[in-house]
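Dear colleague,

Please find the structure below, with the sequence alongside.

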Amino acid sequence: MTGWNDKKAQGTAPFLFCFLDNPDSHHIEMIQLPELFERKLSTVPELDSAVRESFKRFEPWLEQSGMPFFPGFTDHSPRHINEVLNTAASLVSDASRDLLSAEDVAVLCISILLHDSGMHLTRDSFRALVSDFTQPIISGLGDLPWARLWEDFLSEARRFGQDQLLAIFGDPDVLQVGELDLENLSELDDLLIGEFVRRHHSRLAHEIAVKGVPTTKGNNPLELIGLDPELRDLAGLIGRSHGMSIRATFPYIENKYSLLPEYRRIKTPYLMAVLRIADYVQVKSERALKSLLSVKELRSPISRQEWRNHFAVRDVSQRHDDPEALFVNAKPIDVRTYLKLESLFRDIQRELDESWATLGEVYGRQGELAALGLTWRRIRSNLDDKDKFSKTIPYIPIRAGFDASGPDLLKLLVGPLYNYEYEVGIRELVQNAVDACKELVDLLGNTPIGNGPSDLPDVLVDIHENNDGTGWITVTDRGVGMTADTITHYFLVAGASFRNSDVWKQQHMNVSGEARVMRGGRFGVGALAAFLLGEEVTVQTRHASRSEEDGLEFKARIDDPVVELRRCTAPAGTSIKIWVENPSVINNLRPHKYFAEIPDDLDQIFELDSWPKVDWFVQSKPRVTYRWNGYSRRPSEDPDELRVRFRGEYRTPSDELVPLPESPDVTWHALAEPHPYKAVFWQYRQPKKEKKEEEEFIRRPSDEITVNGIRVEKLRMGGWSSVKLVRDAFGDGPQYRLSRPSMAIFDPAGVCPINLQRSAVSFDRMGFDGQLSKALLREHLTYISNLLKGDNTFAGFRKLCADIGALPDVHYEGQVIPFCATSKGIFLATPGLFSELKIRVLLLVDSEHRAPQEIAGLLKDGEALLFRISKSGPQNDLAWFRGILAEDNGYDWYRRNCALPRLARSAAVLAMRPQLWQLANQEGKVKRQIIASLTDVPNAGGHKVVMSGDIGDSEILAARVKELLVVLGKTPEIGAWKLTPERRPARSTSLIHEVWIEVFGGPYVRSLTAELKVN
């Protein structure tokens, strides 16, 4: 440590820092006043002294703060202050120099000193700042307390998109706002705070001028000296103005100081113009010190690009053919830097234009003050001649990137995007209307929608068919409505979703960054769906915050180059009316009603019991109604057949609605840990009684997936959409498939992996199939335990197995239902439980015989009974034969194919119908090795009985099978295994085994009957 000692430190305020031993900090570079400013200040010694003393007090802080929240930014030390001072002096035109007063120079120098001072806050200063809940020290500019600003910023930061995170941190996945600790800040925390300070550093310049640098309680703040409060305020306001429009400061000046052009010889608007231009043109390469660049890691893309821009500027000069122009010579190394500089030069020119216009407005009629002006009116650069510049660089200096090439591309996209399914157009319009209603409720603080009669639906879909098959489709909502900005920047722009905008996030996200509105729309292509239905749309809308006369309406075709918005009187909400010229559209959407079912009174509104082509939204709120005014569907294709016009109305039946996330339905089950979703409900849809032509029948509706109340995917009717089980979910247990149930997913964050057509969900990427598997199995086994409250006879157990096989949730592979009956209870057929319960004989029975014997009296200790529940047929029967009788040596897969338990055995017996034995002995049906290993059992009556394995164990099994045949009659087929202790390496416990133990607390089902007891 050099350049400082205790003696020099005596009497120094606590904000000063010691120098660090590095090449750039051996001395403090004194801020030097330009000759013009020195000369003006010398006429008023008090002001001259105040400016110089203030510089001396602030120089050490600006030099040594280290800018902890801006580690990669270009130089904002006293070197930069010198540059801005010199540039400001050169900006004062010759005609303005004589008009400049000492007071002007004093406040301008102080404003330049402080304009970026907020970026030098230390961590302690920042903590002091954001812990301040008091009213702002400056009133009249709409300032909020710093603590409130910080809370609002953190809330916004939780909603940052990937682009923002990448720009600030260089990584879109690093932010953990909830873990930010002001007392223990990390480097990432510093970068986040830097974004907050950057946004408000111009306000900080004003407040530092008035009150000093924020500091912790008990410490003296670093303050300006020698200036009265008014001069401090005006200097701070000028410093603040570089972050806002000059005109935006005029009300503050007029309210506080009355005189706008000049007050106390201070020409505030003019000084503001000088500062903002002087700061803007500081792009010379000296600001990016090469010695710093070699040792600092530039962390964020924003910082890296800023340094690139500065290094690209080779020279800034006034020596140009145009005497009022500033000429910049630059050599950007890549097209990104070129485009940034091109944009920067346009911005500087805009600032010059606006500054000159403002000076003309303020001083144009002020006598000699009308001569106030700037040295430059224009900015020129070697980039202006693009052809000439392009010959000096290896890249092409143009902006290129993926973009839509116009309405022709949109036309090509609409049909294929939605697979030419007209009903999808209804879905997209309905979900946007529903979203608008939800947003209005959220804006109103979750109070019901009130912009119209309470008996009106919140969303109305109206389809009107003309005699020639053309017609109108109108979707009207009583939602939040749209502003002109929403229409032009989102509704009419394919792929631009307003619900991804910062405005939407600010309105509808909580402080934790979670959306309060369960939106159906996501991709910003919903408006295109209207053109799937027709060529032209008419839109009328009014935002709920606007007056009734402040509505908007327009007509648009997809290929219109210009859409004209006109003012109109309209209710709050949005109405989209589509002219349908193609009769196929109306015909596709027609309700399934024939003229014979239509009431004679044509004025009567027919209540439709179903309308699948339009029925997309399945929640009770908001209320959606569908209306039809057209012709009935013809029962044949005969064009001359009678058709009848009718008016119909449809609302989704209550038994098809999914619950609201805040009020779950008892018929739905909820996942315990649905993260990242707000809630996930599931159920299997119940069979419904239906009637067709006087005939009643039972139909089980297809299960389906809904996301935020919108139907997304209908699961295969009569098939299986299986829940994905982890690889080791079976272990030693039975093989099964879990049918995916109907699922209502509530996804406020919009992370559910839906395809672009919104017709399917990628369950592999949802991450909750493991949790769902356990929930389904738990419910399945609990239901089975309730079935045991009935008949406990042999026939009752067989019926139980048949009922289990018919359940819609779990499908057991193979020919047996894997639940074993014993004299003491029922257990799951897994090797672990066989061993635990010391089961020595497994009986495998294929019988529909309704034997009344109770299982407890039929089976002996150590015996277990499995039923075959499968359709008979040659292949199934042969699999049953092989699975029971094939020995362990190399034929274990026969048992797996038949889904018999994976158990070691010493002997096997099968009593079968003679027809099965004849089939098995046909050439090529069963391996000869298996047939050759079998031994006949004599005196088996009408059955063919064979055995294999250990002869002693086989004979005992055969005798037991004969006993059962006597009891059960002649029809059953009975197999039997003599089990031995497991010799194979133990495999993992199956998922269903784990859930079984969790549900029942032990190996046996806890039955309510006395005969089936827990051991």
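**Salt bridges and nonpolar cores**

R627 and E649 form a salt bridge, in which the closest N and O atoms are 2.8 Å apart. This pair links distant parts of the chain, since R627 belongs to strand β11 (residues 624-631) and E649 to strand β12 (residues 645-650), 22 residues apart. E649 is buried, with a relative accessible area of 7%, whereas R627 is partly exposed at 30%. Salt bridges with shared partners also join D615, E656, R685, E704, R711 and K714 into one network. Please note that the model is predicted; the count of salt bridges in it comes to 56.

Two further pairs lie within helices. In helix α10 (residues 187-211), R198 and E195 are 3 residues apart, about one turn of the helix. The closest N and O atoms of their salt bridge are 2.8 Å apart. E195 is buried, with a relative accessible area of 11%, and R198 is partly exposed, at 37%. In helix α3 (residues 45-64), D48 and R52 are 4 residues apart, and their salt bridge has its closest N and O atoms 3.1 Å apart. D48 is buried, with a relative accessible area of 16%, while R52 is partly exposed, at 32%.

As to the nonpolar cores, the largest has 111 residues, and F37, F55, F58, W150, F196, Y270 and L374 have the most contacts inside it. Helix α16 (residues 335-363) contributes the largest share of this core, 11 residues. Another core, of 105 residues, lies apart from it and includes L671, A907, A920 and A958. Among the residues that F196 touches are F126, W146 and W150.

With kind regards

Key: Residues numbered from 1 in each chain as written. Predicted model: local features only at pLDDT ≥ 70, side-chain atom pairs only at ≥ 80, totals over all residues. Heavy atoms only, no water. Core = buried A, V, L, I, M, F, W, Y, C linked by side-chain atoms within 4.5 Å. Buried < 20%, exposed > 50% of the residue type's maximum accessible area, 1.4 Å probe, protein only. Helix = DSSP H or I, 4+ residues; strand = E, 2+ residues; numbered from the N terminus. Contact = heavy atoms within 4.5 Å. Salt bridge = Lys/Arg side-chain N within 4 Å of Asp/Glu carboxyl O. Lists of a residue's contacts leave out its neighbours within four places in sequence.
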